[in-house]
Amino acid sequence: MKIRFFKQHFGRISKELATVVAISLIFGISCGKGKTEENSASSENSKGVGPVASVTLAALDESLADKGKKQFEAKCSACHKFEEKVVGPALSGVTKRRTPEWIMNMILNPVEMTQKDPIAQGLLAEHLTQMTFQNVQESEAREILEYFRKMDSKK
């Protein structure tokens with residue numbers, strides 16, 4: 001069954017390659033139990049891979065958060081919710097687990113992040129779905145980040 005899954009999602013690949021990929025994913029996921037990516041020391045300081053090197057946060061900007069909510073609903077909500085996993089992971093608490101730069105780089109640069117960033121690689125291995133580029137501009141990613149901050153401040 002797993003080989004059929006990989007052939008459907010990754011095109012024509014050999015049975016041997018599909019088996020190796022399936023075993024690697026199973027091994028990687030099962031070995032990760034007990035050590036959550038939220039507890040990883042690198043998740044606290046990682047800026048990820050992408051155009052955002054530095055973000056300066058101030059007090060929550062309600063206007064920016066409202067714009068971010070609209071961006072999120074238009075471009076992200078088909079795959080993400082806050083309290084439950086849909087296609088992608090639940091986002092509740094994301095601003096407490098990730099740096100602002102990492103969050104924005106993941107929004108702006110998801111493919112390269114899953115190729116080069118260990119945290120993003122772990123999320124891809126866990127959720128088995130590549131986050132796609134949604135044509136988000138850097139200013140829009142900042143708005144979405146502010147919306148995430150607002151949602152996380154309610155807890």
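**View 1. Phenylalanine 148 in its buried setting.** Phenylalanine 148 has a relative accessible area of 5% and is therefore buried. The model shown here and in the following views is predicted.

**View 2. The pair formed by phenylalanine 82 and tyrosine 147.** The structure contains six aromatic pairs. In one of them, the ring centres of phenylalanine 82 and tyrosine 147 are 5.5 Å apart and the planes stand at 90°, so the arrangement is edge-to-face. Phenylalanine 82 belongs to the loop between α4 (62-75) and α5 (94-97), whereas tyrosine 147 belongs to helix α9 (residues 138-153); the pair therefore ties together parts that are 65 residues apart in sequence. Both residues are buried, phenylalanine 82 at 10% relative accessibility and tyrosine 147 at 8%.

**View 3. The pair formed by phenylalanine 82 and phenylalanine 148.** These two rings are also edge-to-face, because their planes meet at 80°, with the centres 5.7 Å apart. Distant parts of the chain are linked here, since phenylalanine 82 is in the loop between α4 and α5 and phenylalanine 148 is in helix α9, 66 residues apart. Ring pairs join Phe72, Phe82, Tyr147 and Phe148 into a cluster.

**View 4. Cysteine 76 and cysteine 79.** The count of disulfides is zero. For cysteine 76, the nearest cysteine sulfur is that of cysteine 79, 8.7 Å away. This separation is too far for a bond, as a disulfide requires sulfur atoms within 2.5 Å. Cysteine 76 is buried at 14% relative accessibility, whereas cysteine 79 is partly exposed at 34%.

**View 5. Arginine 98 and tryptophan 102.** Arginine 98 is positioned over the face of tryptophan 102, at 5.0 Å from the ring centre.

Notes
Residues numbered from 1 in each chain as written. Predicted model: local features only at pLDDT ≥ 70, side-chain atom pairs only at ≥ 80, totals over all residues. Heavy atoms only, no water. Buried < 20%, exposed > 50% of the residue type's maximum accessible area, 1.4 Å probe, protein only. Phe/Tyr/Trp six-rings, centres within 6.5 Å; stacked < 30°, edge-to-face > 60°. Helix = DSSP H or I, 4+ residues; strand = E, 2+ residues; numbered from the N terminus. Lys NZ or Arg CZ within 6 Å of the ring centre and 35° of its normal.
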